[in-house]
Every structure is written in C-alpha cells, then in structure tokens.
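The sequence and the structure are shown first, and the description follows.

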Amino acid sequence: MANENEQIILDDEEIFDKDLLDDLIANEDIDGFREEFLALHSYEQSEYFEVSDDDIRQKMYRYLSPDEVAEFFESLEIDEEEYEDLFEEMNAAYASKVLEHMSYDNAVDILNQLSKKKIASLLMLMNREDAKEIKALLHYDEDTAGGIMTTEFISLTINTPVHEALMRVKEQAPDAETIYVIFVVDEEKKLVGVLSLRDLIIAENDTYIEDIMNERVISANVADDQEDVAQTMRDYDFIAMPVLDYQNHLLGIITIDDIVDVMDEEASEDYSRLAGVSDIDSTDDSIFQTAFKRLPWLLILTVLGMITASILGSFEETLEKVALLAAFIPIISGMSGNSGTQSLAVAVRNISTGDIKEKSKIKLALRESGSGFLTGITCATSLCFIIIILYGQPYLALIVGTSLTIAMTVGTTIGSVIPLVMNRIGIDPAVASGPFITTINDIVSMLIYFGLATSFLT
C-alpha cells in the first residue's frame with residue numbers, strides 16, 4: 001500500500017498522480033475523476049486500484065461502468081486469495097457485468113480463484129451467451145491449453161471470397177482478442193488453414209480464402225500442458241496459436257499475452273522448487289503458512305542429513321588418527337554442493353527453454369563433468385599448497401586435494417544428470433531442488449573424503 005501524499009513511480013518517472021485522484025474522489029468530483037482516471041493506461045488504472053483502500057474502491061465502482069472496470073481488471077496483479085475478498089466487496093450484479101466485459105479467458109482465470117458458490121451465483125447473473133462460453137472454459141484444467149485459451153477469435157470458412165471475408169472480419173473484430181491472425185475452417189468447423197490480416201487485405205477481391213491461406217498450421221491440443229504450448233509459441237514467434245480438440249475442431253486460440261503470463265508463472269514455480277519450497281512465499285502469508293510451505297523439503301533434508309552424520313560416525317577411527325581431517329569437511333562438502341547446484345541450474349534452464357535436445361543430453365552431462373574436474377583440480381591445487389604451507393602435512397594435502405577434485409567432478413555430474421533423468425521419466429526437473437542436490441552431494445563427498453583418507457592411513 002502506498003503512503004499518503006505519495007505519487008506512483010515507475011523507472012524514476014511519474015506515471016500518475018495518486019494524490020490528485022484521491023482528492024477528486026474525496027470531493028466527489030465524478031466528472032473530474034473520470035476525466036483523469038480514464039486518460040490513464042489500463043495498467044496505470046490497475047496500479048491505482050491496487051493501492052487504494054476499500055472506501056475509494058467502493059466509490060470507483062459507483063463512478064465507473066462495469067466495462068470501464070473490466071478494462072483494468074485484466075491488468076490486475078494481486079495474490080490469488082485476494083480475488084475472493086475483492087468480489088465480496090462488489091455488488092454481485094455489478095461484478096457479473098464486469099466479468100461479461102472481460103475477455104473470456106481472463107474472466108475464467110479470475111473465476112478459478114473464487115469459491116464454487118460464488119462462481120455459480122455470478123454465472124447466474126450473467127448474460128446467457130457469455131455464461132455459456134465461460135462455463136465451457138471452466139471445464140478445462142488451469143495448466144492446459146484449454147485452460148488458457150480464449151474463444152474470442154476470427155474465423156472464416158474455406159469457400160469464402162475475399163470481398164465477403166473482409167466484411168466478416170469487420171463484423172467479428174470488436175469481440176476478437178486479436179485480428180491479425182485469421183483461422184480457416186471447413187463446414188464441420190475443423191481447422192484447415194491460417195492467414196494473416198495482411199494476406200487478406202492485399203488479396204484480389206474475387207479470390208477465395210482457400211487460395212491464399214497457409215495449409216500448414218501449427219496447433220495445440222486442448223489437453224496440452226501450458227508450458228509446452230509456451231515453448232512452441234516461443235520457437236515459432238507466434239502471436240496467436242489455435243487450440244483443437246481430438247477431432248481437429250477449432251475450439252479457441254492462445255494469444256501472446258497469455259503466454260507471457262505462463263512463462264512468468266512457470267519461472268516462479270521453477271524458482272520456488274529450486275529453492276526447496278512448495279510455492280513462492282507471499283508477503284501476506286502468516287508464520288504458520290510460510291513454515292508449512294517450507295516444511296516438507298526440510299523434513300526430507302533432515303532425514304538425508306542423518307545419513308551424513310552416520311557416515312561421519314562410521315569413520316570415527318580415521319578421525320581419531322588425524323583429527324585435522326575434520327577441519328576440511330565444510331570445504332569438501334560445500335564445494336561439492338555448490339558445483340552441483342550450478343550444474344543443476346544450467347540443466348534445468350536448458351530443459352525448460354527447450355535448448356537441450358535428446359542427442360545433446362549426454363554432451364551436457366560430459367561437459368559439466370569435465371568442467372567439474374577442471375574447477376576441482378584447480379581449487380584442489382590451491383588448497384594443497386595452503387595446507388602444506390600452514391600445516392606442513394603433504395599426505396593430508398594429497399588426501400584433501402584428491403577428495404576435492406573427485407567430489408566436485410561427481411557433484412557436477414549429479415547436478416546435471418538428475419534433472420535429465422527426471423525429465424526423461426516425466427517429472428518436472430525443477431523438483432531436483434538446490435537443497436536436495438546439495439544434501440546428496442554432502443553424502444557422496446563424505447564417502448569419497450573419508451574413504452580415501454582411510455585408504456591412505458591404513
């Protein structure tokens with residue numbers, strides 16, 4: 001929440017005057033508020049709405065029409081749990097009109113955050129046609145192509161002449177999410193081609209759509225994972241992509257703005273998993289909610305940590321012979337874990353962006369292993385000289401140096417191979433979180449370190 005007398009700033013430039021808008025509302029200057037507020041970009045309008053208190057929001061609902069509110073509601077960036085409270089504070093009839101004026105996919109995204117009881121009441125108050133379209137989209141899983149598609153698109157039949165097609169595009173344009181990509185269907189509503197608005201405009205009037213369309217269409221199935229769809233749209237630089245059912249009927253389209261949201265969502269999800277938490281912590285989470293999100297991984301890591309402790313206990317005799325070995329445990333385990341986490345980050349990134357192909361997986365693993373060996377032997381050489389200078393024990397230096405080299409080589413190998421294997425068997429590679437890889441490498445590095453030490457000292 002912005003402080004009083006504060007102006008909203010973006011990149012060190014003032015984007016709107018919050019004080020002015022607050023004063024206009026406080027003085028109930030409806031015309032003045034509407035003039036200032038509606039002159040803002042929808043993103044700026046949503047920013048003002050988000051930092052306003054409940055009293056100001058209630059007046060905004062009175063001063064603005066549902067379609068004007070719908071315009072900036074599509075740009076809101078609030079926590080999912082806040083939507084329930086937001087729609088509780090709105091009149092139900094007004095809220096239903098706001099949803100009607102939003103694009104169907106964005107309306108569905110919001111409804112998915114509400115209780116089933118609230119969804120049912122809002123749908124009953126909506127226009128029948130809008131409610132029917134939204135209900136159809138609500139049936140799809142949120143993380144699939146069907147869950148992020150919109151049914152507001154421009155389509156033409158294959159046997160339409162260009163002069164007639166131009167009129168049909170003009171008729172459909174006001175309700176379409178994008179007008180730049182036009183999809184062509186046959187009599188059974190099956191997708192048969194695609195063309196751009198430019199192709200249509202420059203074509204001769206007596207030409208038929210089938211003569212100018214592109215028959216090679218890249219599409220998504222309604223059940224495809226949103227991450228796969230995002231990857232395809234990125235690869236082909238699409239601004240819109242058709243979504244089909246299992247019989248190739250055109251159900252809807254996915255636009256680039258939805259894909260940007262998907263990429264942001266997937267990046268946040270991968271980041272949270274790499275950090276070893278179930279979800280990114282919200283600033284509004286309570287102490288118990290925050291702890292609950294982080295607890296599962298921490299419990300697993302606690303159990304794995306006991307394995308490390310057991311390994312140290314089993315080499316008690318080795319430690320008694322050379323107590324100084326214990327001083328280098330943090331270095332061996334730490335460097336192994338750090339190198340493994342670096343390799344993990346590289347592997348997960350390459351998998352998520354699609355940069356890594358089947359043939360290059362072995363190449364990646366070998367490259368990371370080689371990198372681990374080179375960095376390991378370099379660090380080990382430096383450490384050996386330090387140990388000889390400080391402690392005058394070449395055998396200890398040899399044990400520590402050899403262990404560090406092997407541990408870092410194995411660590412980078414584990415960090416790259418585990419996410420590749422997980423991806424191969426259909427598990428999100430981000431599940432191989434940093435803390436998990438670090439703990440596994442702790443266990444392996446201790447076995448290497450004390451195994452070598454025992455061999456040298458016996």
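## Terms and basis of the model

Two strands are said to pair if DSSP finds at least two bridges between them. Helices (H or I, at least four residues) and strands (E, at least two) are DSSP runs, numbered from the N terminus.

The model is predicted: local features need pLDDT of at least 70, side-chain atom pairs count only at pLDDT 80 or more, and totals for chains, interfaces and linings use all residues. Residues are numbered from 1 along each chain as its sequence is written, and side-chain values use heavy atoms, with hydrogens and water left out.

## Overall composition and confidence

The protein contains 22 helices and 8 strands. Of its 458 residues, 45% count as buried; buried means under 20% relative accessible area, exposed over 50%, and partly exposed in between (1.4 Å probe, protein chains only). Among the contacts (heavy atoms within 4.5 Å) with a separation of 6 or more, 66% come from residues 24 or more positions apart.

The average pLDDT, the predictor's confidence in each residue from 0 to 100, is 84, and 86% of the residues score at least 70. Over residues 1-13 the pLDDT is below 50, and this stretch has 21 contacts in the model beyond near neighbours in sequence. Where pLDDT is low, the predicted coordinates should not be read in detail.

## The hairpin of strands 7 and 8

Strand 7 (residues 240-244) and strand 8 run antiparallel and are joined by 5 bridges. Pro242 stands opposite Ile253 in strand 8. The two strands form a hairpin with 5 residues between them, and in the turn Asn248 has a positive phi of about 70 degrees. Strand 8 (residues 250-255) is mostly covered, with 5 of its 6 residues buried.

Strand 4 (residues 181-185) pairs with strand 5 in the antiparallel sense over 5 bridges. Phe183 has Val194 in strand 5 as its bridge partner, and Val184 has Gly193. The hairpin of these strands has 5 residues between them, and there Lys189 takes a positive phi near 65 degrees.

## Aromatic pairs

The whole structure holds 14 aromatic pairs. Rings of Phe, Tyr and Trp (its six-membered ring) pair if their centres lie within 6.5 Å; planes under 30 degrees apart count as stacked, over 60 as edge-to-face and the rest as tilted. The Phe49 and Phe72 rings are a tilted pair because their planes stand at 45 degrees, with centres 5.3 Å apart. This pair links distant parts of the chain, with Phe49 in helix 3 (residues 42-51) and Phe72 in helix 5 (residues 66-73), 23 residues apart. Phe49 is buried at a relative accessible area of 1%, and Phe72 counts as buried at 1% relative accessibility.

Tyr61 and Tyr94 have ring centres 5.8 Å apart and planes at 55 degrees, so this pair is tilted. Tyr61 lies in helix 4 (residues 54-63) and Tyr94 in helix 7 (residues 92-101), 33 residues apart. Ring pairs link a cluster that includes Phe49, Phe72, Tyr61 and Tyr94.
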